[in-house]
Amino acid sequence: MRFSNECKNASGNRGSWRTISSHRLREVHLDKLLEGGLREGTVTELVGGSSSGKTQVCMQVAASVAYRCRAMVGFVDTCHSFSATRLSHMLGGLVGGRDAVQRRVGAADEIGDAMKSIMHYSIFDIFPMLSFLNQLHTTLSVQVQSMEEKVMRLLIVDCASSVISPILGGIPGHALMVSMGIILKKLALENHLAVLITNHTVGGEGGHPKPALGETWKAMPSVRLLLARDFSSNLCHATVMKHTSMACNRHAAFQITRTGLRPVF
Amino acid sequence: MEVEEWVMGHETAQNMLRRIGPRTTGLAPLVPALQRIVNLHGRHVVEVAGASGSAKSEFLLQAAVKCLLPKQGYDGWDGGVLWFDLDGHFDVLRLVRLLQAHIHQEARRRYEEGNEEEDEMEDGEQVLETCMERFFYTRCYSSLEFISALKSSRNHLLRAQTCGKGFRILVIDSIAAFYWLDRSAPFKGGAGNPSLSLQGAMQAVVRELKELRKLSQPTGLLVMASKCNIYSSNFSDTNDWASGLRKDNRQVDSAHEKDSRRSGLQQREFMPAVWQEFITHRLLLQSKVADGTETLFSAEWLRPALLNVDEFTINDTGFMLTNR
């Protein structure tokens, strides 16, 4: 995944907005769709019905960032959908070689290093989630960056809606949802993370599915991607539904294979 | 004699208009496509309402860009912009891209008129630098932070005025960002007991904005705020608890309900009365179903109530009307 670093300070002084560097890694399908991949400081939401490939995309993004960017990845799993075996297959696909025999020497170490930089957290309730996010914000803010240590660049919350929908209803529920949104944005902007969250869909007007969690949550992420699975051709279609600085309705398709996601043109 | 002096007065109305006029009237419209009739200047407060993804932040960004650009050649307001980002959706790269698009357009126009080309590059860079220097950005994560940021921008405003380039626009991106947080705060009530409930927070915000506007005399400070919908516009697919809330909510203003019913949409007004009385202009933006890759947006002025609805698309140089 390609990252673009942007620095701006609060008083908007001249000079700081010029230091925009982008780390260009590999042209994966999502990079082309999002004109550069996931940006630091933004919250990207993946919306899709069940079994539309959301968790697969999350794991592929985690594998790609951990291997290519040499960065730490935080994976918050709220619905027991994370699989270390699948992640190792995806990393194997990124490292290269069809099986263990063809892989070059040291590839297993590389896969091991990448796996070690993906931190997995199982959180199933809103209050532990809020306290975890706040704690992560404090830890990352006081962290002294050294050259050898890897720094966290990506946070994935797989199925943010499964911790929010049980408590949604009435004013306190909405307030908790908004506080979770605010802490995710704070993590993205102040700790320079790219945040990727998933959401499921509910029925909307005219039978078209719409993102769950209501109107207030719709305004929270900066970018929204809609995933739909076509079971007859085993393809996954991604469409840009919302973007703060780009035109919408761009479309890409990819296939879920044994070693990860492959773009289809 | 004193009586004669008192009768004659200090200056005639014509002199006063000549003194103040050029600074408040005769200003170019900020977003020309949508401002064919409505003219905005320093004593107005504009609220841009709409659902998520209906180009509200884009509207504010275009207005800010027009305000930053100099008067010479770009027809801008040549003033500073105070941007309060309560939503976290601001993109500095987009701001730079918009400024560069305007500068290139102007450079191309000047080249076509046959002027020299060598100064264009440095000139453009210089213009970009001066524009970015006048843009001040603050990010807030709660109502308390927002109110304290407003208070601390008083000094900033005064300092900028003494330097010559005062602030002309104050932008609040999503005034309703902390709506649910403020509503869930316990309301202690009482006149002498300020609380951080929704009413208290909004009262404090309006007070600070009025104070800032008073400090920016005589040019005034145009306040532009975007407001995202909290409740979905189609009431048929909300749950039962929403209708229960509607009975409890006594903040709905009948004038605004009449406005929204005329526009054909049920846009429920949820901001407290103190904010509704503060605003002088309301603009409603909507995004239509896209055909292909072009998204069509529509704009309607609710206050002043104009009956026509404009349709437009967005590109880097501004809003392009499609129905004219």
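1. Helices H7 (residues 143-163) and H9 (residues 198-215) of chain B have axes that come within 10 Å and cross at roughly 5 degrees. H7(B) and H9(B) are therefore roughly parallel to each other, a term for angles under 35 degrees. The axes are lines fitted to C-alpha atoms over the stretch in contact, with angles from 0 to 180 degrees between N-to-C directions. Helices (H or I, at least four residues) and strands (E, at least two) are DSSP runs, numbered from the N terminus.

2. The residues in this contact (heavy atoms within 4.5 Å) include B:Phe146, B:Leu150 and B:Leu157 of H7(B), together with B:Ala204, B:Val205 and B:Leu212 of H9(B). By class, the contact has 11 nonpolar, 3 polar and 4 charged residues. Here Ala, Val, Leu, Ile, Met, Phe, Trp, Tyr, Cys and Pro count as nonpolar, Asp, Glu, Lys and Arg as charged, and the others, Gly among them, as polar.

3. The model is predicted: local features need pLDDT of at least 70 and side-chain atom pairs count only at pLDDT 80 or more, while totals for chains, interfaces and linings use all residues. Residues are numbered from 1 along each chain, chains are lettered from A in the order written, and side-chain values use heavy atoms, without hydrogens and water.

4. The largest nonpolar core has 47 residues, and among those touching the most other members are B:Leu30, B:Phe59 and B:Trp83. Helix H3 (residues 56-68) of chain B gives the most to this core, with 8 residues. A second, separate core of 42 residues includes A:Leu189 and B:Leu157. Such a core is a set of buried Ala, Val, Leu, Ile, Met, Phe, Trp, Tyr and Cys residues joined through side-chain atoms within 4.5 Å. Buried means under 20% relative accessible area, exposed over 50%, and partly exposed in between (1.4 Å probe, protein chains only).

5. Chain A has 8 helices and 13 strands. Of its 265 residues, 53% count as buried.

6. Two residues of chain A deserve a check of their backbone. A:Ser51, in the loop between strand E3 (43-48) and helix H2 (54-68), has a positive phi of about 60 degrees, and is partly exposed at 45% relative accessibility. A:Cys159 has a phi near 65 degrees and is buried, with a relative accessible area of 12%. Most residues other than glycine have a negative phi, and most peptide bonds are trans.

7. The peptide bond from B:Arg303 to B:Pro304 is cis, with omega near 5 degrees. B:Pro304 is in the loop between strands E7 (297-303) and E8 (310-315) of chain B.

Conventions
Angles under 35 degrees count as roughly parallel, over 145 as roughly antiparallel, 65 to 115 as roughly perpendicular and the rest as oblique.
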